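Subject: Handover of a structure, with notes

Dear colleague,

I am passing this structure on to you, together with my notes on it. Please look through it before you read on.

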Amino acid sequence: MTFQLQREKQLQNQIPRRQWSLQDFEIGKPLGKGKFGRVYLAREVKSKYIVALKVIFKEQIEKYRLHHQLRREMEIQTGLRHPNVLRLYGWFHDNERIYLILEYAHGGELYRELRKSGHLSEKRAATYIASLAQALAYCHEKDVIHRDIKPENLLLDHEGRLKIADFGWSVQSRSKRHTMCGTLDYLAPEMVENKAHDYAVDNWTLGVLCYEFLYGVPPFEAESQTDTFRRIMKVDLSFPSTPQVSAEAKNLISRLLVKDSSKRLSLQKIMEHPWIMKNADSMDTCSKLQL
Ligand SMILES: Nc1ncnc2c1ncn2[C@@H]1O[C@H](COP(=O)(O)OP(=O)(O)OP(=O)(O)O)[C@@H](O)[C@H]1O
């Protein structure tokens, strides 16, 4: 067992009885800034386990009346245990702030990787899609839906394994995206139309992500929000000639970007798809289970 693993176990042993406070952590460098606060590298003093500490200002939460939702969502995420879902180990608060004790994702945002390399290889793209399909199947089983699975919310650990982060912030993040960046790119037709929707919205988003991993841009990108909306509603999908992408990958994308949500490929079928079977690195997706 590696040191980090032993330390994680130590940390986990403390979780049920522990009332955490800021004194339990040594705070390191800032890792990033979100809408509601900042994220810092931190080390739990007793176990020496490295975590990411997300600091959220209560004032912000109160301003947007998000405290009930934040609490519910924190409870959901604490209960999720999957190698491709970022762990939330616990939380505590003081007068001004709420602190979330999160698994540290050493590799940072997948979004940055994607921008850096332009697009990903089929092997990497397939591995990420398989990881996402497995993580989502696990969440759906637990009746947790509505993951905000756009590249900015996907982090990588020290081994390059994908982690879905920002759980439960789907509503905020989505409205944030609408107002701040105006992007609808990852939303299924039934969502942009504000219709009732179910688990199948996540399957659509997997199709969008698969396209973006392979081509470097989302499939329905347009100058304006209205044009993106139109393209999504028409499923105006086309595959550029470069970069070269295999017919099997295009087949998977076309079977996910289907307007009728009941006809989209299921998560199970994604995992069995020939492109995934051929390209996904199974070590990264299934065998490193439950630490
Ligand atoms: N667990 C983590 N490990 C490593 N880096 C992280 C972790 N969590 C967040 N970060 C970094 O900090 C940045 C800000 O994270 P945060 O979740 O606050 O922002 P956000 O995605 O904009 O979320 P929100 O919508 O909640 O404001 C991320 O973009 C990421 O680079």
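This is a predicted model: local features need pLDDT of at least 70, side-chain atom pairs count only at pLDDT 80 or more; totals for chains, interfaces and linings use all residues.

Residues are numbered from 1 along each chain as its sequence is written, and side-chain values use heavy atoms, with hydrogens and water left out.

The protein chain is assigned domain 1 (23–103) and domain 2 (108–279), where the bounds come from an automatic or database domain assignment. Their C-alpha centres lie 26 Å apart, and the contact (heavy atoms within 4.5 Å) takes 20 residues from domain 1 and 20 residues from domain 2. Between domain 1 and domain 2 an area of about 1,700 Å² is buried, with carbon and sulfur atoms giving 62% of it; buried area here is the accessible area (1.4 Å probe) that two parts lose on being put together, summed over both. Of the area that domain 1 buries against domain 2, Leu80, Asn84 and Leu86 supply 30%, more than any other three residues. The count between the two domains is 1 salt bridge, a term that stands for a side-chain nitrogen of Lys or Arg within 4 Å of a carboxyl oxygen of Asp or Glu. The side chains of Lys163 and Glu103 meet in a salt bridge, at 2.9 Å from N to O.

Lys163 also has a place in a sheet, as it stands in strand 8 opposite Leu155. Helices (H or I, at least four residues) and strands (E, at least two) are DSSP runs numbered from the N terminus, and two strands pair if DSSP finds at least two bridges between them. The sheet is open and has 3 strands in the order 6-7-8, with antiparallel pairing. Strand 6 (108–109) and strand 8 (162–164) are at the edges with a single partner strand each, so one side of each is left without a neighbour in the sheet. Strand 7 (residues 154–156) is joined to strand 8 by 3 bridges.

The structure holds 9 aromatic pairs; rings of Phe, Tyr and Trp (its six-membered ring) pair if their centres lie within 6.5 Å, and planes under 30 degrees apart count as stacked, over 60 as edge-to-face and the rest as tilted. Phe92 and Tyr99 are a stacked pair, with 4.7 Å centre to centre and 15 degrees between the planes. In terms of relative accessible area (buried under 20%, exposed over 50%, partly exposed in between; 1.4 Å probe, protein chains only), Phe92 counts as buried at 5% and Tyr99 as buried at 3%. The rings of Trp204 and Phe220 are also stacked, because their centres are 5.7 Å apart and their planes at 20 degrees. This pair links distant parts of the chain, with Trp204 in helix 8 (residues 200–215) and Phe220, 16 residues apart from it, in the loop between helix 8 and helix 9 (225–234). Both Trp204 and Phe220 are buried.

Finally, the backbone. The peptide bond from Thr242 to Pro243 is cis, with omega near -10 degrees, and Pro243 is found in the loop between helix 9 and helix 10 (247–256). Val235 lies in the loop between helix 9 and helix 10 and, although not a glycine, has a positive phi of about 50 degrees.

Best regards
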